[in-house]
Amino acid sequence: MVDTHTHIYFNEFKAERKEIVDRAKAVGVRHFVLPNVDEESLPLMKDFYEKFPDISSMAIGLHPTEVKDDWQKFFKLLDHELSNGNYVGIGEVGVDLYWDKTMKESQLEAFEWHLRLAEETKLPVIIHSREAFKETVEVIEKVLPSVPLIFHSFTGSPDDVALIRNVCNPFFGINGVVTYKNAQSLRDALPIIGIENIVLETDSPYLSPVPHRGKRNESSYVAHVRDKVAEVLSISKEDVDKTTDRNAGKIFRI
């Protein structure tokens, strides 16, 4: 398995970093994709990558909730990092109107900028979209990037899948939410999405799957996500492993 979205480089994991990596490897996780959040998270992510370069890859971008009045300063750093670092994607970036709508226009502008940068660099994009499917899709439609797109932490319905596919044919990052009792609409969407368009993720330390819900998430728990996807789609766990691994390899060239 590949955990295509994990923040196990955060400081809260530092004291047991090796143990967490070992637990993930023990259940079959072979690679970790580390999305950036903001300038402060960059050194933490790079430190993890330096310690585990053979089993991790980095993506870089400004998380939508971190888009502030001075957000454009980040892009000078982003240009420098892309010129000098080893990155496999742009992310996580997008639009989040759940917590605060005051920076909506700046979020839309920043997301468009990220998409155009991805097109220029030919890097895939890890998309964060919360309470903003319409706005997110409108920006994608404006740019129409040719690079792979992942709707990270997808929790939408079959209608949301249709809305997105009116504009693009992305991959969908499925995490612990799929195991929640109140996520039936997401489970209904999985057959429509199809295993050929799914990648597995944890978003650790957030969104722990059942039976660990309410506790800190970690990459080893991606096995529970895999199991639920296999159950919903009525296919074997091995087929989920094989296909989602192939999808992740195609997207991130790992």
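Q: Is Ala189 buried or exposed in this predicted model?
A: Ala189 lies in helix H7, which spans residues 184-193. The cut-off for a buried residue is a relative accessible area under 20%. Ala189 has a relative accessible area of 0%, so the residue counts as buried.

Q: Which residues does Ala189 touch, not counting residues up to four places away in sequence?
A: Ala189 is part of helix H7, and its relative accessible area is 0%. Leaving out residues up to four places away in sequence, the residues that Ala189 touches are Phe154, Gly156, Ser157, Pro158 and Val161.

Q: What separates the C-alpha atoms of Ala189 and Pro35?
A: Along the chain, Ala189 and Pro35 are 154 residues apart.

Q: What is the strand order of the open sheet of 8 strands, and which strands stand at its edges?
A: The pairing in this open sheet is parallel, and the order is S1-S2-S3-S4-S5-S6-S7-S8. An edge strand here has a single partner strand, so one side of it is left without a neighbour in the sheet. The strands in that position are S1 (2-3) and S8 (198-200).

Q: Which strands does helix H3 touch where it packs on the sheet, and what angle does its direction make with that of S3?
A: Helix H3 covers residues 73-84 and packs on the sheet. The strands it touches are S3 (56-60) and S4 (87-96). The direction of H3 makes with that of S3 an angle of about 145°.

Q: How many residues of S4 are buried, and what stands opposite Ile60 in S4?
A: S3 and S4 run parallel and are joined by 3 bridges. Of the 10 residues of S4, 10 are buried, so this strand is largely enclosed by the rest of the structure. The residue of S4 opposite Ile60 is Ile90.

Q: How many bridges pair S4 with S5, and which residue of S5 is the bridge partner of Gly94?
A: S4 and S5 pair in the parallel sense, over 5 bridges. Val93 stands opposite Ile127 in S5. For Gly94, the bridge partner in S5 is His128.

Q: Through which helix does the chain cross from S4 to S5, and what is the hand of the crossover?
A: Between S4 and S5 the chain passes through helix H4, residues 104-121. This makes a β-α-β crossover, and its hand is right-handed.

Q: Why is strand S5 described as largely enclosed by the rest of the structure?
A: Strand S5 covers residues 125-130. S5 is joined to S6, to which it runs parallel, by 3 bridges, with Ile127 opposite Phe151 in S6.

Q: Through which helix does the chain cross from S5 to S6?
A: The crossover from S5 to S6 is of the β-α-β kind and is right-handed. The helix on this path is H5, residues 133-143.

Q: Which residue of S7 is the bridge partner of Ile150?
A: S6 (residues 149-151) pairs with S7 (residues 171-174) in the parallel sense, over 2 bridges. The partner of Ile150 in S7 is Phe171.

Q: Which residues of helix H1 are buried, and what arc do they cover?
A: In helix H1 (residues 17-26), the buried residues are Arg17, Ile20, Val21 and Ala24. They lie on the same side of H1, because the arc they cover around the axis is only 100°.

Q: What do the buried residues of H1 pack against, and which residues are exposed on the other side?
A: The buried residues of H1 pack against strand S2 (31-35) and helix H2 (42-51). On the other side of H1, the exposed residues are Lys18 and Ala26.

Q: Which backbone oxygen does the side chain of Asn247 reach, and at what distance?
A: Asn247 lies in helix H9, residues 237-252, and is buried with a relative accessible area of 4%. Its contacts beyond four places in sequence include Phe171, Ile195 and Glu196. The side chain of Asn247 reaches the backbone oxygen of Glu196, at 3.3 Å.

Q: How far is a polar atom of the side chain of Thr244 from the backbone oxygen of Asp241?
A: Thr244 also lies in helix H9 and is buried, with a relative accessible area of 3%. Not counting residues up to four places away in sequence, Thr244 touches Ile195, Ile198, Val199 and Leu200. From the backbone oxygen of Asp241 to a polar atom of the Thr244 side chain is 3.4 Å.

Conventions. Residues numbered from 1 in each chain as written. Predicted model: local features only at pLDDT ≥ 70, side-chain atom pairs only at ≥ 80, totals over all residues. Heavy atoms only, no water. Pairing = 2+ DSSP bridges. Helix = DSSP H or I, 4+ residues; strand = E, 2+ residues; numbered from the N terminus. Contact = heavy atoms within 4.5 Å. Axes fitted to C-alpha atoms, helices over the stretch in contact; angles between N-to-C directions. Buried < 20%, exposed > 50% of the residue type's maximum accessible area, 1.4 Å probe, protein only. Arc of directions from axis to C-beta. Polar contact = N/O pair within 3.5 Å; in protein donor to acceptor, adjacent residues only side chain to side chain. Right-handed = clockwise from strand over helix to strand, strands pointing away.
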